[in-house]
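Open the structure in your viewer and keep the selection tool at hand. Each stop below names what to select and what is there.

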Amino acid sequence: MSVVTNTTTIGAIDAPSRRNTELMLLGFAVAIPVFAYLNVGLALDGEVPAGMLGYGLGLGILAGIAHLLVRRFAKYADPLLLPLATLLNGLGLVLIWRLDQSPRLIADSMRKYGSHSADAPQQLLYSAIGVAMFLLVLVFLKDHRVLQRYTYISMVVAIVLLLLPLVPGLGTDSFGAKIWIRVGPFSIQPGEFAKIVLAVFFAGYLMVKRDALALASRRFMGLYLPRGRDLGPILTIWAISLAILVFENDLGTSLLFFGMFVVLLYVATERTSWIVMGLLMAVGGAVVVGSFATHVQSRVAAWLDPFECLKTAPPDTNMAWACDQMTQVLMSFGSGGTIGTGLGQGNSDLITFAVNSDFIFATVGEELGLAGAMAFILLYGLIVERGLRTALAARDPFGKLLACGLSGAFALQVFVVAGGVMGLIPLTGMTMPFLAYGGSSVIANWALIAILLRISDTARRPAPAPAPSPDAEMTQVVRP
């Protein structure tokens with residue numbers, strides 16, 4: 001009697017790509033803004049808006065092209081990130097178009113500039129450029145680990161981007177803040193792109209130095225304090241963030257810059273002491289700078305009591321403008337109530353200046369109410385959650401830190417903007433990602449989403465099956 005056995009090696013099972021799930025969600029992500037556009041048109045004029053078909057086709061084509069490229073170049077990427085970004089971008093276009101139709105804003109623009117130009121078509125163009133940037137990152141960034149080679153180059157690039165607004169003849173001053181540069185007819189906010197480059201630098205640097213930074217010298221009040229020699233990086237970043245605050249009057253970028261480093265420092269070392277130390281340094285630095293920086297003082301006064309500040313502030317000053325804006329913003333949120341006044345039926349356009357950029361979340365709070373504002377916060381939270389899930393799934397330490405850094409930067413930006421508009425913290429001058437008017441913001445955030453998709457594709461991609469050994473494939477004949 002003989003027993004014949006045939007032993008073979010079973011290859012790795014191919015994981016589902018979930019691209020069809022992404023396609024289905026993209027259908028909803030395009031349909032919801034189109035219905036919102038219709039809602040605004042019916043509320044304002046009682047008829048279907050003439051541009052609804054063009055708007056829906058434009059958004060649908062952008063989403064479809066992005067989906068096809070993800071299916072081709074990032075087959076295993078996270079299926080939620082692209083639909084979430086598309087939905088936020090589409091709703092942002094609707095809100096900007098709604099404000100374009102405001103008679104108050106049209107009259108204000110005519111009074112100041114002698115003409116009125118709609119911002120929604122231009123924002124749609126910026127969105128198309130952002131999707132193009134998204135596609136370029138996916139096509140040319142085959143492996144996110146390549147970025148680790150440029151750790152210190154990215155540091156230099158980030159510093160240059162942050163210093164560009166201070167260059168005479170290039171940087172422009174907008175209501176006290178020097179965060180813009182003008183190139184021909186275009187205005188660019190370099191800080192939006194610097195946050196991505198800084199995330200690359202922080203991830204590469206902390207991956208190498210995390211073991212040294214995790215060492216503790218002594219314990220104080222339950223916290224393990226770092227060694228004195230290891231305080232150099234956080235002190236350097238703190239000093240640079242304060243310099244940005246002092247010379248550029250840019251509270252938002254300063255908070256984002258320092259906060260992202262502290263978050264990544266905690267993730268890399270797992271030391272709570274870094275978080276405590278970072279918070280103390282941030283508060284201490286803000287207090288010191290606020291004692292002599294008039295721009296910061298006006299923001300703090302408008303935050304503490306905008307109604308009283310409006311009474312006492314000298315007319316036609318930055319403080320008076322900041323206090324007036326804050327009173328209008330708070331009244332917009334208050335009049336929105338739980339479910340809002342309805343799209344196109346609010347009065348947030350009374351804010352006038354930067355109503356479709358810095359203060360666009362006030363329109364959400366008034367016309368969609370608390371329920372709508374929480375829905376938007378939930379959408380942003382889902383993007384952050386998918387980014388952190390990508391960090392957990394990443395197989396390399398650099399990918400983990402980079403995904404955490406990008407997700408943390410995104411979350412911090414949403415927090416400082418929403419917190420400033422709702423009166424939780426002083427206004428920072430930053431814009432809500434994907435929602436607010438502005439080319440720099442939407443282009444940079446589409447690039448951020450692309451990098452997260454690349455990391456998630458690498459993390460979820462099944463490992464190649466091991467090559468079968470000759471012994472495993474050999475048929476053995478066993479005889480008693």
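With which residue does R19 form a salt bridge? Select R19 and E22: they form a salt bridge, and the closest N and O atoms are 3.0 Å apart. Note that this is a predicted model. Both residues belong to helix 1 (residues 19-45), where they sit 3 residues apart, about one turn of the helix. R19 and E22 are both buried.

Next, select R454 and D457 in helix 17 (residues 439-460), again 3 residues apart, about one turn of the helix. A salt bridge joins R454 to D457, with 3.0 Å between the closest N and O atoms. R454 counts as buried because its relative accessibility is 3%, and D457 counts as buried at 2%.

Salt bridges with shared partners also link D78, E385, R386 and R389 into one network. Within this group, select R389 and E385, whose side chains meet in a salt bridge at 3.1 Å, N to O. The two lie 4 residues apart in helix 15 (residues 369-393), about one turn of the helix. R389 is partly exposed, at 46% relative accessible area, and E385 is partly exposed at 31%. In the whole structure, a search finds 9 salt bridges.

For the last stop, select I159, L163, L166, V246, F247, V288 and F292, which make a nonpolar surface patch of about 620 Å². Helix 6 (151-163) and helix 8 (232-248) each give two or more residues to the patch. F292 is found in the loop between helix 10 (272-290) and helix 11 (294-304). With a relative accessibility of 47%, F292 counts as partly exposed.

Note on methods: Residues numbered from 1 in each chain as written. Predicted model: local features only at pLDDT ≥ 70, side-chain atom pairs only at ≥ 80, totals over all residues. Heavy atoms only, no water. Patch = residues over 30% accessible without salt bridge, like charges linked within 9 Å, V, L, I, M, F, W, Y side chains within 5 Å. Areas by Shrake-Rupley, 256 points an atom, 1.4 Å probe, with all protein chains shown as cover. Salt bridge = Lys/Arg side-chain N within 4 Å of Asp/Glu carboxyl O. Buried < 20%, exposed > 50% of the residue type's maximum accessible area, 1.4 Å probe, protein only.
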